[in-house]
Structure formats: C-alpha cells, structure tokens
Number of protein chains: 2
Amino acid sequence: MKQDSRLSGVLHVLLHMAQQPGPFTSETLARAMDTNPVVIRRIMAGLREIGYVRSEKGHGGGWTIACDLSKVTLRDIYAALGNPPLLAMGNRTESPGCLVEQAVNAALDQAFDDAEALLLARLGEVTLAMLGEDLRKRLGARKHQGMSAHRA
Amino acid sequence: MKQDSRLSGVLHVLLHMAQQPGPFTSETLARAMDTNPVVIRRIMAGLREIGYVRSEKGHGGGWTIACDLSKVTLRDIYAALGNPPLLAMGNRTESPGCLVEQAVNAALDQAFDDAEALLLARLGEVTLAMLGEDLRKRLGARKHQGMSAHRA
DNA sequence: TTTCATGTAACTTTATATGTTACATGATGA
DNA sequence: TCATCATGTAACATATAAAGTTACATGAAA
C-alpha cells in the first residue's frame, strides 16, 4: 500500500500558517511544501468544512486559520481528513463463513484494534499549539547557528 | 493504500494445515482460500526460508508444517513475510531540512512508533498453537449445530 | 472588466497488493 | 527412461489508492 501522507502534509501547512498572520494562497503553500496548489486545496477542504480554516477568493484571498490552536488536536485534524485507514494490514475477508478465517480474524483484530486505539489516543494528546511550541524551540536552537527554517 | 492481507492469508493457510497431517499442495490450499496457487507459494516462501514450513516437489509433494506451533508467534510469521509496513500513514519526507516538517515528523513519529510497538507486542503474545486452540473451540461450538468448518 | 484565488472534475502518474500465465526445475512412479 | 506431478519464479495483468497535473467554472477585489 502506498503510504498516506495527508496528515503529515496538512499539519505542515497549518504549522507554516501559524508562524505569521496570512492569508496564504494555495500557490504559496504549495511552493513551501514542494507540491501542487490543487493538492493543498484538496487536503484543506475537510478542515474548511469543519471550520478549522477559512478560505477567501479573489485579490488578497487565500487560507486563514480559524480555530484555537490549543483546542484542536492532531486527532481532530485526522478526523477532518475523513478518518482514512490507519493500518496497512487487514483481514482477507471481513465476515468469513470459514471458521478458520474467523479464528484468524479474531486474533488479528484484537491486535489491530489495540494499535489503532493507541495511535488515536496519542494523536489526541497533541494540540496544534503544542506542535507550534515545539517548532519555536527548534527555530531558537537553529538561530544560534545562523540558519533559517528553510535550509532544504 | 490498498490493505495488505498477506499475514491474514498465511495464518489462514497454516491453521488449515494444522488441522490434518498433510502435505498440502498449493493447489489444494488455493482452493480453500479461494485464490491462486502462485499466491500461496508466494506468501509461503518466506516461511520456508526460515524453516517454519517445508515444501517437496513431485508426486506426494506439497507443504508441511516444520515448526513447534507453540513456539512460533504471529509476530514471527509477520517477520517471515519480510516485515511489511504496518501503518497506512507516514511522513511526507523522512529527513527534511525544513524545521516545520521536522517538528511535524517528531510529533507523528512518537504516535506512529508507539502504535507499531504495541501492534508487534500483541502479535508476539499469540502463538500459532493458541490460534489452533481457539479454532478447536469454534469447531466444537459449531458441531453442536451440525455444521462444517466450510459453510461459506 | 480584468485579475486573482479558490472549487472541482478529469486525467495522469506512481506504488503496491493481488491475480494469472508460462515455463524451468526437480521428484515420483510406471 | 519418461510421463506426470508439484514447486520456484519471472513476467505480465489487474485493482486500488495517493499524489500530481490540467482545465475550467465561480466569485471577490482592484
């Protein structure tokens, strides 16, 4: 399975936006992320629907953060993306008649469910504000070396 | 991402094999799994290399279990498959120069790593023998209803 | 009314699991 | 020896989903 990097991507966008007032055009954000404006709009669409960000058309338009960063967790952002699958593995058949497969599914599901629950719990523990705080620390550390946030 | 069902599949095969002496041809196993013999050979190849199963060519050939089912865990089987990715999500860039992305990766990696570790730990707690025991219970329960393991 | 920016559909590209065909290799049995 | 059976494996086909791209409609600002 090709890995899904939308959560990673949208967090990157939000964190960039949190560094300065905005608004930011999809074009600008796409350049910073080294991708395409349409990809930005796509991953931001879910966040707009829930109200975490706003978008405006026309001159001076673009994307703006519209939520309290200390109230929104990574899990909330994940949900805004539509709760895409977390695990790369799954059962061959979901409701098999074969008892052998039922036994296999039962064992695997226990492990899978536990792992999913833990992942969601961990994502729920981190707010966007905490991410921003961590970033500020990293920026401070690098400043002492005279470097910008965008060396790459 | 399309989900990987090889672990589910290979466990199904092993559990089927554990029910009777064997050997079993890929053809037979493929029919029971409703798939192709080559698929069976493919998912069994790793297990053969490690020595969990043996395969023989020619008349009377096929696959045989060659390990102590109470000593091999689902995690061992997973490893025999070559440790395929567990999570459907990942970071956009693995070693980014951008500090924003580094901060995002750090936060996500913590959650991802925890979830992976838990999943592997859970898989490590279940042996093939335990799976077989669970299956026997299910077979017993169904026998009281006069049904076979292959109703589907 | 021109320009800018988003919204979105449609298509292409890429990655990966799964399914299939074809054939080589080697073991068994007549 | 030789026909048959079964695995081993390469090569190709199909399916699914993410990511990238193009094209154009919509609507806001200058």
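Tutor: Let us begin with a definition: Ala, Val, Leu, Ile, Met, Phe, Trp, Tyr, Cys and Pro count as nonpolar, Asp, Glu, Lys and Arg as charged, and the others, Gly among them, as polar. Keep in mind that this is a predicted model.

Student: How do the residues of the surface near DNA strand D divide into nonpolar, polar and charged?

Tutor: That surface has 6 nonpolar, 12 polar and 11 charged residues.

Student: What makes a residue count as near DNA strand D, and which are the closest?

Tutor: One of its heavy atoms must lie within 4 Å of the strand. By that rule 29 residues surround DNA strand D, and the closest are Ser5(A), Arg42(A), Ser26(B), Arg41(B) and Arg48(B). Of the atoms of DNA strand D that come within 4 Å of the protein, 64% belong to sugar and phosphate.

Student: Which element supplies the largest share of the surface near DNA strand D?

Tutor: That is α3(B), with 4 residues. At least two residues each come from α3 of chain A and from α3 (37–50), β1 (53–56) and β2 (62–65) of chain B.

Student: What makes the approach of Thr35(A) to DNA strand D a polar contact?

Tutor: The cut-off for a pair of N or O atoms is 3.5 Å. An N or O atom in the side chain of Thr35(A) is 2.8 Å from a phosphate oxygen of DNA strand D, so the pair falls within the limit. For Gly58(B), a polar backbone atom is 3.4 Å from a sugar or linking oxygen.

Student: Why is Asp4(A) called buried?

Tutor: Buried means under 20% relative accessible area. Asp4(A) has 12%, so it counts as buried. You will find Asp4(A) in the segment before α1 (6–18) of chain A, and its side chain makes a polar contact of 2.8 Å with the side chain of Arg6(A).

Student: What makes Asp34(A) exposed?

Tutor: Exposed means over 50%, and Asp34(A) has 71% relative accessibility, so it counts as exposed. Asp34(A) sits in the loop between α2 (26–33) and α3 of chain A. This residue has a positive phi of about 55°, although it is not a glycine.

Student: Why are α1(A) and α3(A) called roughly perpendicular?

Tutor: Angles of 65 to 115 degrees count as roughly perpendicular. The axes of α1(A) and helix α3 (residues 37–50) of chain A cross at roughly 85°, so these helices are roughly perpendicular to each other. On the α1(A) side the contact is made by Arg6(A), Gly9(A), Val10(A), Val13(A), Leu14(A) and Met17(A), and on the α3(A) side by Ile40(A), Ile43(A), Met44(A) and Leu47(A). These residues divide into 8 nonpolar, 1 polar and 1 charged.

Student: What angle do α1(B) and α3(B) make?

Tutor: They pack at about 85°, with their axes 10 Å apart. This angle lies in the range from 65 to 115 degrees, so α1(B) and α3(B) are roughly perpendicular to each other.

Note on methods
Residues numbered from 1 in each chain as written. Chains lettered and ligands numbered in written order. Predicted model: local features only at pLDDT ≥ 70, side-chain atom pairs only at ≥ 80, totals over all residues. Heavy atoms only, no water. Buried < 20%, exposed > 50% of the residue type's maximum accessible area, 1.4 Å probe, protein only. Polar contact = N/O pair within 3.5 Å; in protein donor to acceptor, adjacent residues only side chain to side chain. Axes fitted to C-alpha atoms, helices over the stretch in contact; angles between N-to-C directions. Parallel < 35°, antiparallel > 145°, perpendicular 65-115°, else oblique. Contact = heavy atoms within 4.5 Å.
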